[in-house]
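Subject: Structure handover

Hi,

Here is the structure I promised to pass on.

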Amino acid sequence: MQAHIDSLMAVLNGGADPQNQLQRAVQRLKENEEDVVRLREENEKLSRLAQTWQAWVDHLEEELQRVGDSGDLVQIKEDLTARLATRELASGRPAQRDEERWQFQGDSGEWVPFPERANQELMGKFRQGLWHCEVSVHGKVYAINFREGWQINQRTGKTRWIRCFFDVPIHWKLTIEEAFQFLTPAGANFVARTVRPVRDPLILFRLQGVLNRSRSRHDGASCWCSHGSSSFQVLEAFQVKNLHVWRRYQRFLQSIREKHHQLGISPEACPAVGDALTEFAHELQVDQAGNERLLLHGTRDLETAMKIALEGFDNRVRERPGLYGQGTYFAAQTCKSAQYATNGGTHYKASSEMMGTMLFARVAIGHPFYAEGPCHERTRPPEKYAVRADSIIAMPGIPNGLPGRAGLQGHLEVVTFDPAQAYPEFIVRFIEN
């Protein structure tokens, strides 16, 4: 509201183009009133939804207490138990679960999670190295065989398959043995378990192709920087499979989506980042419709890249603030990230004597703020429509405060301010020809 008042005062004080400023101020006031109405309606919907869900859960719990273990009612109780375990909201959207969970197979072939207490008990016994155990679920005792993956109802003798579900990306292509390794302490093997060399020549070729097809700006214009004419050759690559960092990133995604829903925000669409990154992001199942993007990040050596792979991106270790604040910077053009991929990368190209290091990262852009100029001292994004933005985007062509030809932003850059806001997918080591 203060911004609208300032705009009106500027008109009254004889600011430039008063008619246009007045029209813009009136329009912004109208939009603000519409936002308030929409937020009130959304709040009422959420309140009704919460009441409906709680009533539904209470009903299921009452049914579980009423239904016994005798005769034909056993199956009814199992179905109610399964429904209560999934805890689906009235909207049909399941409650968020990002931890590994033990599941049993229902009569229709669907996988149903064990109730929370039983899941914790099963996980504890599995981590102890037990292959056989018993677990009680709502008064019924089951014999569990972890090695062969089944359970038996001790009273009825009914057998069902069980499994441990890991919510990890499909392109990690984990075997069962590799997935179970996440449940045991890695110790000195943590790096080897988390950062896997890419052996498949097709994937190496794919990564190299994305780098070379991303040299031009997203609008098709050629780049005048020193790396714009390079041909990038990937010599080695690593895939990052870090369950802790992945889950932290997923929690961040979920938190900003819930914030947008509660506040009635429809985040402004992010700009295109080029066909190569867009296509690769689709293969990695990046939610581009939800303002998640696959971007590039250059770092001066492999050691730093490995730290990012193990701990995630962290803007708190920046040596000096950038043009658009003290965040972590990502680019949509290879030539821009190549400037930071070696020591002295703004002047020298990567070579066999000084290889370049770059990361492919998925970034939760969320509700972006578009910079209009440099903002060096920012430690978080500014407000946009009275709500704190999630990131800053610098578009090509805006003034950046640098002298001469460099005074206009040459590349699309995204700046994030939360260590959980990005996940490193691949590390590539390259030279330029």
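Below is what turned up, going from the whole chain to single residues.

Some ground rules before the details. This is a predicted model, so residues are numbered from 1 along each chain as its sequence is written, local features need pLDDT of at least 70, and side-chain atom pairs count only at pLDDT 80 or more, while totals for chains, interfaces and linings use all residues. Side-chain values use heavy atoms, with hydrogens and water left out.

**Overall**

The protein has 11 helices and 17 strands; these are DSSP runs numbered from the N terminus, helices being H or I with at least four residues and strands E with at least two. Of its 433 residues, 45% count as buried (under 20% relative accessible area; exposed is over 50% and partly exposed in between, with a 1.4 Å probe and protein chains only). Take the contacts (heavy atoms within 4.5 Å) with a separation of 6 or more: 67% of them are between residues 24 or more positions apart. The accessible surface is about 22,800 Å², and carbon and sulfur atoms hold 52% of that (Shrake-Rupley method, 1.4 Å probe; for residues, only the protein chains shown count as cover).

**Around β6**

Strand β6 covers residues 159-165, with Arg160, Ile162 and Cys164 on its covered face and Thr159, Trp161, Arg163 and Phe165 on the uncovered one. β1 (residues 101-105) runs antiparallel to β6 and is joined to it by 4 bridges; strands pair if DSSP finds at least two bridges between them. Arg101 has Phe165 as its bridge partner there. β5 (residues 150-153) also pairs with β6 in the antiparallel sense, over 3 bridges, and Trp150 is partnered with Trp161. The hairpin of β5 and β6 has 5 residues between the strands, and Gly157 takes a positive phi near 80° in it.

Cys164 is worth a click. This residue is buried at 12% relative accessible area, and leaving aside residues up to four places away in sequence, Cys164 touches Glu100, Arg101, Trp102, Met123 and Phe180. Trp102 is 62 residues apart from Cys164 along the chain, yet their C-alpha atoms are separated by 4.3 Å.

**The largest pocket**

The largest pocket holds about 1,700 Å³ of space. A pocket here is an open set of points on a 1 Å grid over the protein atoms alone, where a 1.4 Å probe fits, with protein on both sides within 12 Å along at least five of seven lines; lining residues have an atom within 4 Å of a point. Points are joined across faces, edges and corners, and the volume is the space filled by probe spheres set on them. Of the 48 lining residues, Gly298, Arg318, Arg320, Tyr329 and Tyr340 lie nearest the centre. Elements giving two or more residues to the lining are β9 (292-299), α10 (302-311), β10 (328-331) and α11 (334-338), and α10 has the largest share, with 5.

Asn291 is not a glycine but has a positive phi of about 60°. Asn291 sits in the loop between α9 (275-283) and β9 and is buried at 5% relative accessibility. Ala386, also a residue other than glycine, has a positive phi near 70°. Its place is the loop between β13 (383-384) and β14 (387-388), and at 63% relative accessibility Ala386 counts as exposed.

Cheers
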